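Subject: The structure for you to look at

Hi there,

Here is the structure I promised to pass on. Please open it beside this message, and I will walk you through what turned up.

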Amino acid sequence: MTELRTRLAFYPAIVLVYAILLVPLVIVIATSLTVQSAPTIPTDGLTLDWYVSLFQNQRLIDAMIVSTIVASATAVVAGIVGTITAFGFVRAEVRMKETFATLMLLPLMISPVITGVAFLRFGGLLAIPRGYPQIILAHSILALPFVFLIVRSRLLTFDERLEDASMIMGANRLETTFNVTIPVIAPAMIAGMLIAFVISFGEFTATQFLVTPSTTTVPIIIFNQIQTGLSPEISALATTLVAIMIIVSVLGDRISS
Amino acid sequence: MNLGTVRLPEMPSLSMLRDRSTAKLLMAIGLGWLTIFFIVPVVVLLFESLNFGEGSLLENYSTALSGTYLRTLGRTMAYAFITTIVCLVLAYWIAYYIAFKAKRQMLMLGFVLLPLWVAIIIRYFGVSLFFLPTGPVQQTFGTDFGVLFSTTGVIVGLTSALLPFAILPIYNSLQSIDEELINASQVLGARPMSTLRTVIFPLSLSGVIASALFVYILAAGSFLAPAILGGPGDFMMANVIEQSFSYSIPLAAALSVVFTVALLILIGIFNHYANISEVLGDL
Amino acid sequence: MLEVKNLTKYYGDLLAVDDVSFRIEEGEFATLLGPSGCGKSTTLHAIAGLIDASSGSVHLRGKDVSDVAPYERNIGLVFQHSALFPHMTVEENLRYGLKMQNFDGDHDDQVQKYLEMVQMADHADHKPDELSGGQQRRISFARALVYEPDILLLDEPLTGLDRVLREDMRNEIRSIQQEVDVTTLHVTHDQSEALSMSDRVIVMNDGRKEQVGHPTELYERPETEFVAEFLGQSTKFQGELVDSPSPIVQAGSREIHVKTNGRFDPADGEEVSTYIRPEEITVYRSPQANGDVNTFTGTVRDIEYLGHRAELEIELGDGTVVTAFSQTSDELDIDDEVAVQFDPEKVICV
């Protein structure tokens, strides 16, 4: 009786929420396998033709390489800067620390369109070369709050007595950092870098201002194709992007555990 | 000997001092990085929005705060507001189920998190494929129910993209409620709905606030949802800024400033009730 | 008043409560006593309606409430860690039950009366986290009583308090319970708490009911090995009963003279456990036997001073360790040779 009432009360939510979350993904993957020339749900057979044509398209392959380079570099830059910052924030005793921490979250709060515009103008001003340097720097700013939050929350629960123990046993501060502190927080750092990779790999809004013909990323190509005309090839490209992200996250998970 | 006893107590204090200054240095590196590559560029943009040529210094602002642009600002805030409400209702509903009723909590949470690993543009693309003439809705019903290229389309897209950000903080706050408090409420005579209203909801409020904040900020700044799923009348601030950038950078800059200030005022009001870095730290 | 009939609860394959039945009379203070994991908390939660029993039933005032929701049972429950609502003031916590139960009568008066009863009237506007642990328990207690429930359940309410405070609270709880005259079921693993507060104690072990009785009865006449060993200190001798001419338990080479009464009547040759409480043992300095039965010699191995008396660990010849008390004035030392003696009447046999 109560079981039934629970079902009636929650099943609409379950169906609605998971449909909203998952149907878009399912549909992208499904339409990439259609035999028709429009992105329809395949009802009359499956084909991998769209993936074949995808990998014969040099422009798309180039874009994937660019995206991978940008995302990897972003993960490294945001990972290092984010970890350093998180360390500072957890260990330092400064007045108004919370206010400064909120400042670190600004890139999350200001629309990426503004970040893109600002970065383009500023990059021109400081003569930061267009292409990779600008894109990577902008992406690492967008990913910074996430790395910062993840590493910080791990560090907050870090038992500083481990470091004391290490130093009592004779390791100096630097040795302690490398032998104790970094290994303990490494999983959080890798998780942060992973998220930085994913954010960068899918970023469109700020990137659209910064790309050059030789550094066009995959999301830019997807957007342009959506604007110009629909072909199942976009679904195949999007699916490939999803696959790469999932592979990277699984690999990252392996490394951190 | 005397020298030794004098120096010994000094040694730890010296190294502690060095320790603390190292931490401050690290903090300064982070804030410096943020300042150079984010705050300074935004401030530069602020300067660009000012008119140093003919006419008033704030000429771009009078344009940015006029007619269509002001309406767009209002529309942006309204769309973000509607999205936030829709997301909160759905998120609370499902988070309550996962936290208190579900048998396979981790699986259900996993499927909530899964979309976060997929680029947002792909998820919007998926929503549009769903309602396009070639998609299942039109193939089945012969109509997209007016969703595509409309306000509804934008809201559906934003909800789909931002729902995970709404569910997680609410789930966390529900999860951390001591079960004994719910038992206490029941024993004291409260029916399930009263318990929800008087005990569970007030205790999960911090999660609700975090969710609302997150969804609102991300929704308001969205460029892709209106661009892919909206009609021409559904442009939001991000789209207008992008558009004006191609013909008037000062105007784009002024629009950016207006939008950011409006949003920061809202966030400031929010921050008054709940510390942002604390609530977002829960993520 | 409260009757639990054949209560059984499985968690998956795990049997937490195994066919437990007992009843409590109006106005009684009863205690469910047992080690952690014995099923006492599960039993209490089933009475409160917070978990569904696998089988069996719970009756309150003659009515079967097994299928009644907790919010319709009209019970008061004091939780282990007080479970005060952190977002409400002390007063709001008390009003909550009155409002939810639609309590007839003046809510203000009721809140005032019960806050005064637990001596917390001047803390009405405080939030729970501004109170000390002891104060929180008092409020939790008042909250459970304020709407005058049919029965008060106490789920290890003194957990986490220091010893002195526990003892104070014990007396206070008992006196309030008598003042309000509310039937009370208390759950604890602390035997001294159970023995000092209760009219009736239900000892549980391993999901089963071991024995029910008044504290003195349980202490002096335990019916199972578990009860004998769980309540109080004792020295155990185990052996075969030999009935010639008076009953003797042959524990190894040692003969323990016992008195079997009507209640306990084992057959000849049956395996019997005997227990002797430390306060029933007389310790003699001289190791010479004086001819009385149940006199054994041994060596003092450990002395723990408890102020007015000392607790001794005396090792007998075969390695059995006897726990006994001595007057501090006896001035015994470790390694002293002593004799212990006890009356056959005082030997507990199960």
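This is a predicted model: local features need pLDDT of at least 70, side-chain atom pairs count only at pLDDT 80 or more; totals for chains, interfaces and linings use all residues.

E156(C) belongs to the loop between β7 (151-155) and α5 (163-180) of chain C, while K40(C) is in helix α1 (residues 40-48) of that chain, so the pair ties together parts that are 116 residues apart in sequence.

How the chains meet

Which chains touch each other with the most contacts? Among the two pairs of chains that touch, chains A and B have the most. Chain A and chain C do not touch, and their nearest C-alpha atoms are 11 Å apart.

Chain B against chain A

Here 81 residues of chain B are in contact with 89 residues of chain A. Together the two chains bury about 7300 Å², and carbon and sulfur atoms give 83% of that area. Three residues, M27(B), F38(B) and W117(B), supply 10% of what chain B buries against chain A, more than any other three residues.

How many salt bridges are there between chain B and chain A? The count is one. In this salt bridge the side chain of R121(A) meets that of E48(B), at 2.9 Å from N to O. The rule also finds six residue pairs in polar contact across the interface of chain B and chain A, with both residues at pLDDT 80 or more. On the side of chain B that touches chain A, the largest share, 21 residues, comes from helix α1 (residues 2-48) of chain B. By class, that side divides into 60 nonpolar, 13 polar and eight charged residues.

Chain B against chain C

At this interface, 18 residues of chain B are in contact with 24 residues of chain C. The buried area between chain B and chain C is about 1800 Å², with carbon and sulfur atoms giving 68%. E180(B), V187(B) and L188(B) supply 38% of the area that chain B buries against chain C, more than any other three residues.

There is one salt bridge across the interface of chain B and chain C. R191(B) forms this link with E72(C), and the closest N and O atoms are 2.7 Å apart. Six residue pairs in polar contact are found across the interface of chain B and chain C, both residues being at pLDDT 80 or more. Which elements give two or more residues to the side of chain B that touches chain C? They are α8 (179-187) and α9 (192-203) of chain B. The residues on that side comprise nine nonpolar, seven polar and two charged.

For chain B, an unreviewed UniProt entry places "transmembrane region" features at residues 25-47, 77-99, 106-125, 145-168, 199-229 and 249-270. In the model, residues 106-125 of chain B are 70% helix and 0% strand, with end C-alpha atoms 28 Å apart. Residues 145-168 of chain B are 75% helix and 0% strand, and the end C-alpha atoms lie 31 Å apart. The annotation "domain: ABC transmembrane type-1", also from an unreviewed UniProt entry, covers residues 73-270 of chain B. That span is 78% helix and 0% strand, and its end C-alpha atoms lie 19 Å apart.

For chain A, the "transmembrane region" feature of an unreviewed UniProt entry is placed at several spans, including residues 135-155 and 234-252. Residues 135-155 of chain A are 100% helix and 0% strand, with the end C-alpha atoms 29 Å apart. Residues 234-252 of chain A are likewise 100% helix and 0% strand, and the end C-alpha atoms are 27 Å apart.

Helix α3 (residues 58-91) of chain A has 34 residues, which at 1.5 Å a residue should span 50 Å; its end C-alpha atoms are 49 Å apart, so the two agree. N57(A) caps the N-terminal end of α3(A), with a side-chain oxygen 3.0 Å from the backbone nitrogen of R59(A).

A171(A) is in the loop between α8 (161-168) and α9 (173-202) of chain A. Setting aside neighbours within four places in sequence, A171(A) is in contact with S166(A) and T176(A).

Enjoy exploring!

Best wishes

Methods: Residues are numbered from 1 along each chain as its sequence is written. Chains are lettered from A and ligands numbered from 1 in the order in which they are written. Side-chain values use heavy atoms; hydrogens and water are left out. Contact means heavy atoms within 4.5 Å. Buried area is the accessible area (1.4 Å probe) that two parts lose on being put together, summed over both. A salt bridge is a side-chain nitrogen of Lys or Arg within 4 Å of a carboxyl oxygen of Asp or Glu. A polar contact is a pair of N or O atoms within 3.5 Å; within protein, one must be able to donate a hydrogen and the other to accept it, and residues adjacent in sequence count only if both atoms are side-chain atoms. Helices (H or I, at least four residues) and strands (E, at least two) are DSSP runs, numbered from the N terminus. Ala, Val, Leu, Ile, Met, Phe, Trp, Tyr, Cys and Pro count as nonpolar, Asp, Glu, Lys and Arg as charged, and the others, Gly among them, as polar. UniProt positions are given in the numbering used here, feature names are shortened, and annotations may be inferred rather than shown by experiment. The expected span of a helix is 1.5 Å times one less than its number of residues.
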